[in-house]
Amino acid sequence: MSNNKVALITGITGQDGYYLSKLLLEKDYVVHGTVRRSSNINTDRIDPLISEYSSDGRLILHYSDLLDSSSLSSLVNLIQPDEIYNLAAQSHVNVSFKNPIFTTQVGTLGALSIMEAIRYSDKKIKFYQASSSEMFGGEEKTMLSEESPLIPKSPYAASKIFAHHMAQIYRDSYDLFMTNGILFNHESPKRGETFVTRKITKALGRIVHGIQSKLTLGNLEASRDWGFAGDYVEGMYLMMQYDVPEDWVLATGETHTVKEFLDIAFKTVNLNWEEYVKTSEKYFRPNEVDYLLGDSSKAREVLNWKPSVDFKGLVKIMVEHDINEAKKDFTLLKDNLISPTWEYPKL
């Protein structure tokens, strides 16, 4: 056990936290994760990993808060990790407009607190900062690389830019291993249900089983570079194993509209999305990012990284999963254990 590498993951209960934990555990890491203490602690995504790995001490969860710098510092000193992956954030862009202070505090002070803990640690610790394609702003229809200008259009994006630049500053000023992963949109069946891709596939599964009849969305013309989350955490790992810390874009190099996602998803079950989907202005962002397309040539050439799941394959994986999930809901509905009027939370 003493020869195992040790990783600390903030935001371990999220989509990326699940896939990254799974990857590292399969590589014989000891994985520590932070969970924010609240009235509703949700470990559903990583429960299978907890069942498999917690009994032998390979997966350990800790209560900690990114806004509590002293607890973070104490945790880093206690664990003495080889690698820290900072995945925690208030990551929903729409919510960041409604909760800009909390979003900004977590995105900026949280990341900075970890950097400070690493700076004063006696151990050489590698640090991964989860940057975002939202930082680019999507003002022009062009491929975006590590050198492209950052033009934030949301509190979420602005907070990510701060942490991104601070990682660069700490890297250059203190000779620390701090790498930024600029990941374009990456999805999976573990994606939160309020994000548009999962909102679509979750609703489609329920439509197929007659539980839901309509789906309301915002801007159907928004165009994104969508990949599979499992591929992207492999990229995170490769960045951390590289000889020197740098900034890396991960993307598929293809962009698709929300409308295209709808079309492929509904055609999977031989339905026409236009008969079920309506749009509402309340789901539009105050400052829309219209177009994102990533250039990941650096990661492909240097890290030998490339996505294994294409756009149609990603949609298919998510649709099949949520049809199976809706089948379980249908059984509960028949037994009067859930209400047929269930809807997504309004954001």
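Let me begin inside the sheet: the bridge partner of Ala130 is Gly181, a residue of strand β6. This is a predicted model, in which local features need pLDDT of at least 70 and side-chain atom pairs count only at pLDDT 80 or more, while totals for chains, interfaces and linings use all residues. Residues are numbered from 1 along each chain as its sequence is written, and side-chain values use heavy atoms, with hydrogens and water left out.

Helices (H or I, at least four residues) and strands (E, at least two) are DSSP runs, numbered from the N terminus. Two strands pair if DSSP finds at least two bridges between them. In general, strands of a sheet pair through backbone hydrogen bonds, either parallel or antiparallel.

Strand β5, residues 126-132, pairs with strand β6, residues 178-183, in the parallel sense over six bridges. Strand β4, residues 83-86, also pairs with β5 in the parallel sense, over four bridges. Here Asn86 stands opposite Gln129 in β5. How many of the seven residues of β5 are buried? Six of them are, and the strand is mostly covered; buried means under 20% relative accessible area, exposed over 50%, and partly exposed in between, with a 1.4 Å probe and protein chains only.

What is the order of the strands in the open sheet? The seven strands run β3-β2-β1-β4-β5-β6-β11, with parallel pairing. At the edges are β3 (59-63) and β11 (247-250), each of which pairs on one side only. From one strand to the next, the twist averages 20°. Strands β6 and β11 run parallel and are joined by four bridges, and Asn180 has Asp247 in β11 as its bridge partner.

Helix α1 packs on this sheet and touches β1 (6-10), β2 (30-35), β3 and β4, its direction making about 175° with that of β1. Helix α3 packs on the sheet as well, touching β1, β2, β3 and β4, and its direction makes about 160° with that of β1. Contact means heavy atoms within 4.5 Å. Axes are lines fitted to C-alpha atoms, for helices over the stretch in contact, and angles run from 0 to 180 degrees between N-to-C directions.

Now to the helix pairs. The axes of α3 (residues 69-79) and α5 (residues 100-119) come within 9 Å and cross at roughly 40°. The two helices are therefore oblique to each other; angles under 35 degrees count as roughly parallel, over 145 as roughly antiparallel, 65 to 115 as roughly perpendicular and the rest as oblique. In α3, Ser69, Leu72, Ser73 and Val76 meet Gly110, Ser113, Ile114 and Ala117 of α5. By class, this contact of α3 with α5 has four nonpolar, four polar and no charged residues. Ala, Val, Leu, Ile, Met, Phe, Trp, Tyr, Cys and Pro count as nonpolar, Asp, Glu, Lys and Arg as charged, and the others, Gly among them, as polar.

The last pair is α7 (residues 196-208) and α9 (residues 258-267), whose axes come within 11 Å and cross at roughly 30°. These helices are therefore roughly parallel to each other. Val196, Thr197, Ile200, Thr201, Leu204 and Ile207 in α7 meet Val258, Phe261, Leu262, Ala265 and Phe266 in α9. The residues of the contact of α7 with α9 divide into nine nonpolar, two polar and no charged.
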